Structures are given as structure tokens and as C-alpha cells.
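Dear colleague,

Here is the structure I said I would pass on to you.

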Amino acid sequence: MVLSEDALSSSGMKKLERLAEARSPDGTLLVLFRHDGDYLIRADGAELMSTRHHHSEDKLAELACAPLRERPGTRVLIGGLGFGFTLKAALRALPSDAQVVAVELVRAVIAWNESPDYELARVALRDGRVELRHADVATVLREGTGQFDAIMLDVDNGPDPMTTSGNGALYSDAGVRMSAAALRPGGRLVYWSAQDDRKFERTLRRAGLTVESSRVWSHGTSGTLHTLFVAWAGGVRQDRDAATE
């Protein structure tokens, strides 16, 4: 249940501070709030993300980057900045010479993360390994054939878009093939989804990819179960322990 600002105040809970707002490309209202030291974004009133619950976003990066710790010249792509948790986890996992291309469609989300007024991803974005792009990740993928060792896509709400209807194209047959084409040999795609989606898993397999899915808690061992789809070309992965929850 999502409580309104008035309901929170009248219940005696700490005040929900409305900090900023913006519109997604298709007009969805995104509002940044702060509550009891944590931050959240609501999309047309529904909670989209929160700094309280980011375990599955951390795990997204861990699954993508685990095989790359010792690989020189690694280049990875993160589609969707959010509050920067996937970016931070990727930087922790990757070597010092890695390059992380972080792509965000909504300019305001970048500004909120860069702002010194909020405790979000400002430090991570200043890491010398990070290349931040304000762009549609589909454009970056289309122009990046064979460029990435791993691609992490946490765009919108997964295969079922919540903020920008055009995001759904990334999860279509053509979108998956385009993403797979942006991988270097031996690379992998890892998708975050708010829910399990067997239809999307079949889409990945139709693209000739091997797929494993993991159900991951949003907050350690509690909260909401999210799904991570790990896809790669070829046979059995060599790092199955990385997917163990």
C-alpha cells in the first residue's frame, strides 16, 4: 500500500518530503521524495524505486560482472541509472581499468543523482571508469555492436513498462537480438524485472540465448521478490556459484 503525503503526516510518521519532479518522455510524472533518510521515486503515484530496497539491483551487477574481475579492458553497459545501486555494485566488482557506460533516458534522474543536496550516486558518477550518457539505451545498443562484455538492463519495470511505453521495445524479439549483438564474444545480458515473466524468457531463447533466471529479494532476505534473467550465447555457464542466492 502506498500512503499519501497527508496520510503519513496525520499518522504521526515522519514527514514525506517532496523534493523534485519531472516528466518521462511519454508524460509519466516522476516525483522524488525523501523520508526518514531514504529516497524514493514515484511514477504517477506508484512507487518505482527506493533506496531502502536495492538488493536485487546489487545482484544484477554481481551476476553480470562476476566473470570479469580478472579480465583486462572490460567494458560494460548499464541501462537505467535509477539511484545508482547497480552502478556502485559494478564498480566494486570490476577491475581498475574497466569502463562502465551508464545510460539514463530522463535528464532529471541524472541531475538528482549528481546533486550534492541528495545522498545518491554522486560519488560513483565521479569514478574515472564511468562514462555517463543522457540517451535512450536502445540507441547506444544499436550503435554499439560487439562493444560490451556485459550489458545490465534495469529499464523501467522490466518487460512490462511502467514509466515510458517505448521501453517495451527492448524486451521484444528485435530488441533482444539488438542487445545480444552489442556483446563481445562470451558476453552476457542480465535483465532486471519486477516480476517473473516466462513469456520474456521464451523471447530470450528464441534469440538463440541460453537463459537462467533467479528470484531475488528486494531487501536482503525480505521485501518483494524480483527476477533477474541472465542470458548468454553458447552452453553452460562456468560461474554458477555467482547465481546462488
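Of the 245 residues of the chain, 53% count as buried; please keep in mind throughout that this is a predicted model. The chain exposes about 11,200 Å², and carbon and sulfur atoms supply 48% of that area. Its secondary structure comes to eight helices and eleven strands. Among the contacts between residues at least 6 apart in sequence, 65% join residues at least 24 apart.

I will begin with the sheet. Seven strands form an open sheet with mixed pairing, in the order β7-β6-β5-β8-β9-β11-β10. Its edge strands are β7 and β10 (residues 209–219), each of which pairs on one side only. On average, and with direction ignored, neighbouring strands of this sheet are turned by 15 degrees against each other. Within the sheet, β5 (residues 75–79) and β8 (residues 148–153) pair in the parallel sense over four bridges, and G79 has L153 of β8 as its bridge partner.

Two helices can be described together with these strands. Helix α3 (residues 85–93) packs on the sheet, where it touches β5, β6, β7 and β8, and its direction makes about 165 degrees with that of β5. Helix α8 (residues 198–206) lies across β9 (183–193), β10 and β11 (222–233), and runs at about 145 degrees to β10. In the model, the charged end of K88 sits over the ring of F85, 4.8 Å from the ring centre.

A further pair of strands is β3 and β4 (residues 46–50), which run antiparallel and are joined by four bridges. In this pairing L40 has S50 of β4 as its bridge partner. The two strands form a hairpin with two residues between them, and D44 takes a positive phi there, near 50 degrees. Another charge placed over a ring is that of R42, whose charged end sits over the ring of F33 at 5.2 Å from its centre.

Which residues of helix α4 (residues 107–114) are buried? They are A108, V109, I110, W112 and N113.

Finally, the aromatic rings, for which the count comes to five pairs. The rings of Y171 and F200 have their centres 5.3 Å apart and their planes at 70 degrees, so this pair is edge-to-face. The pair links distant parts of the chain, since Y171 belongs to the loop between β8 and α7 (173–181) and F200 to helix α8, 29 residues apart. Both Y171 and F200 are buried. F200 also pairs with Y191, with ring centres 4.9 Å apart and planes at 80 degrees, so that pair is edge-to-face as well. Y191, like F200, is buried. Ring pairs link Y171, Y191, F200 and F229 into a cluster, and F200 is in helix α8, the helix that lies across β9, β10 and β11.

Note on methods:
Residues numbered from 1 in each chain as written. Predicted model: local features only at pLDDT ≥ 70, side-chain atom pairs only at ≥ 80, totals over all residues. Heavy atoms only, no water. Buried < 20%, exposed > 50% of the residue type's maximum accessible area, 1.4 Å probe, protein only. Contact = heavy atoms within 4.5 Å. Areas by Shrake-Rupley, 256 points an atom, 1.4 Å probe, with all protein chains shown as cover. Pairing = 2+ DSSP bridges. Axes fitted to C-alpha atoms, helices over the stretch in contact; angles between N-to-C directions. Phe/Tyr/Trp six-rings, centres within 6.5 Å; stacked < 30°, edge-to-face > 60°. Lys NZ or Arg CZ within 6 Å of the ring centre and 35° of its normal.
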